[in-house]
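Hello,

I am passing a structure on to you, as you have not worked with it before. Please look through it first; my notes follow below.

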Amino acid sequence: MTVRAVAEARTPLVTVRNVSKHFGGITAVNDVSFDVYPGEILGLIGPNGCGKTTLFNCVLGQYRSDGGTVTVGETDVTKWMPHRRAKYGLARTFQLLQVFDSMTVRENLMTAAQPHISTIAGTLFKSPNLGLDEPVDAVLNRFRLGHLADQYAASLSFGQKKLLDTAMAFMSNPEVVFLDEPAGGVNPGMLGDLEGRIRELNTEQGVTFAIVEHNMEFIFGLASRVIVMAEGSILMEGTPAEVRADPRVVKVYLGA
Amino acid sequence: MSHRDLIVDDRDLTRARSEDRGVLSPLLIAGLALAMAFLVWFPIGRSEFTPIMWLWVLMLAGVVAANLLIPRASRNGTAVRVMSTVCFVAFLVVFPFGRANSTLTDFGLYAVFSVCVIGMNLMFGYAGQVSIAQAAFLGIGAYTSVLLDSGREIEAFGIVIDLPDLNFLLTVVIAIAVAMLFSILIGMAGLRVRGPWLAFVTLAFNVLVYIVFNNEVGITNGSRGIIVRRQDLEVLGIDMTPLQNYYYLCLAFLVLTMVIVWWIVRSPWGRSFKAIRDNSPRASSLGIDVRTYTLLAFAIGSGLAGGAGALYARLLEYIEPRSFFLGQSFDFLFATVIGGLGTLAGPLIGTSFITIISDSLRVLGDWYRFWFGLLAIVVLIVAPRGIAGSFNLLRARIAAKRRGS
């Protein structure tokens, strides 16, 4: 039984149906449907401008899609604001670095972990850390950022910021983490480290991943299933081996 | 350069960013120090100079040196912060004591306007949303409070209403609530847009409020204003007729505001505000409700201005629509920026420019506004991070030099 069959035997965690997104006359995402199954690492590849990031933005709420639905478990989240989706278990990183420069690494992680505004109102006059020190320390250790905890994010190197950026996505104990080019700009030495972290979180904590990536070796080594996009639509999906061998993929992307 | 680049947090920056170099060349620092020295010397030299003044100058120098040389993050750093705050409050308590009414009014305005600027800094410096309607909220607070404890009879829309004669402190609370309510209403509409567009929305709101104050003669007495007597005003059993007593009430309000805002800034709310300022799409993707938090910052900041308005009316014993027009809002904006966005000390420094310092420049005659404007331009070019921000940068650089990096 293939990995894909195992994944499909279970009910999907995230169901995306017929999602489209237009910008003026340009169709960035055209009627795309896919599922994310619990416990898998899903890869999403395709040439530049094929709509991968736009698709992520539609799934996570940064964009309001022009049609289609996004369902998490049984719940339709299509009309939800991004922060509500985040609290419901969908975490993400962005293609460009997105950390809070004026805060320390610890404060960055704490911000990412804090509960909803209404929950905080009751605890406002207690400790400002809300008892989050322990989970923050756990993530600091997992991502080996402990020695940088009290440094300002603005003073970190690119690679360190990238680690922090990824670490922040895990602070809310998400069900699914959408990573947009986690390997972009990371040097080869740290790439293995990043791969290790992701695999560790996947096997030990059961975190599900959906990853957009341009680094083929990285994604084929990590993903259990890969979706290939081209010109706003899904070209094919399959195991890394199937995708690597498919002539259509080679034509639009790999071999070109 | 976006306003985000202008914000330097209260604590040591671990490493001053490379583009910061050159902004504060020694020459410019010297120029700024000279300007500051002039501003301190000028009011001192003008009047009320006593030898004891040198003690204050010495204390100021001590506070500045201690803050500059002792790193923020250390245990001593905390002690320095506490001591600086104590010295500052002690100055505001002791210095105006027994002085002329003009000085007490100056300091009273300083306390009241500081509250407005602290509110504006919470919105602009911490949550990153520019609102240029702070004077409108000051006015809303002032008129609300004045009308509610006057016992007057007004005519609104053809109906004659007998106004209640409520307890003064109660009217302050109501003034805060009403300002918050208006800010939430304008925020719900206005916060759909951000940045310069939000600034325009709030600016329009300020004009609109001014027109209502000016034209609803039946309620506000229009451009003739309302005389507000402090006579027989009693707060917690203390007679507020002497200006000195009332000044201490204003100061108490300022200190309370400082404590509340200090707490908010270090609370999870404060972290959310900063997250939204630094990067709101990211904050939203991490589960922070950007709209609600921005509205919250807006409501708190405007509410503070509302409370300040209630105190402002009795301080001057007179209110008129002109006091709450755009010029006043821009003064607050100027104080916020020149003091240092996103710092706790910034508003307290900045407000002295629009009250005590600008007032002492009045002796320069009709041109004092010109010199004041020129000073503003120079400071903003030399130190775009404001005085507190530049100070933090300087301290960070000294700390880095000492570490030998």
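**Strand pairing in chain A**

In β2(A), Thr27(A) is the bridge partner of His22(A). Please keep in mind that this is a predicted model.

Strand β1 of chain A covers residues 14–23, strand β2 of chain A covers residues 26–36, and the two pair in the antiparallel sense over seven bridges. Together, β1(A) and β2(A) make a hairpin, with two residues between them. Gly24(A) lies in the turn and has a positive phi of about 60 degrees.

β1(A) also pairs with strand β4 of chain A, residues 69–72. These strands run antiparallel, and four bridges join them. Here Val14(A) has Val72(A) in β4(A) as its bridge partner.

**Cysteines**

Over all chains, the structure holds zero of them.

- Cys50(A) is in no disulfide. Its nearest cysteine sulfur belongs to Cys58(A) and is 13 Å away, whereas a disulfide needs the two sulfur atoms within 2.5 Å. Cys50(A) has 2% relative accessibility, so it counts as buried.
- Cys116(B) is in no disulfide either. For Cys116(B), the nearest cysteine sulfur is that of Cys250(B), 11 Å away. Cys116(B) counts as buried because its relative accessibility is 0%.

Regards

Terms used. Residues numbered from 1 in each chain as written. Chains lettered and ligands numbered in written order. Predicted model: local features only at pLDDT ≥ 70, side-chain atom pairs only at ≥ 80, totals over all residues. Heavy atoms only, no water. Pairing = 2+ DSSP bridges. Buried < 20%, exposed > 50% of the residue type's maximum accessible area, 1.4 Å probe, protein only.
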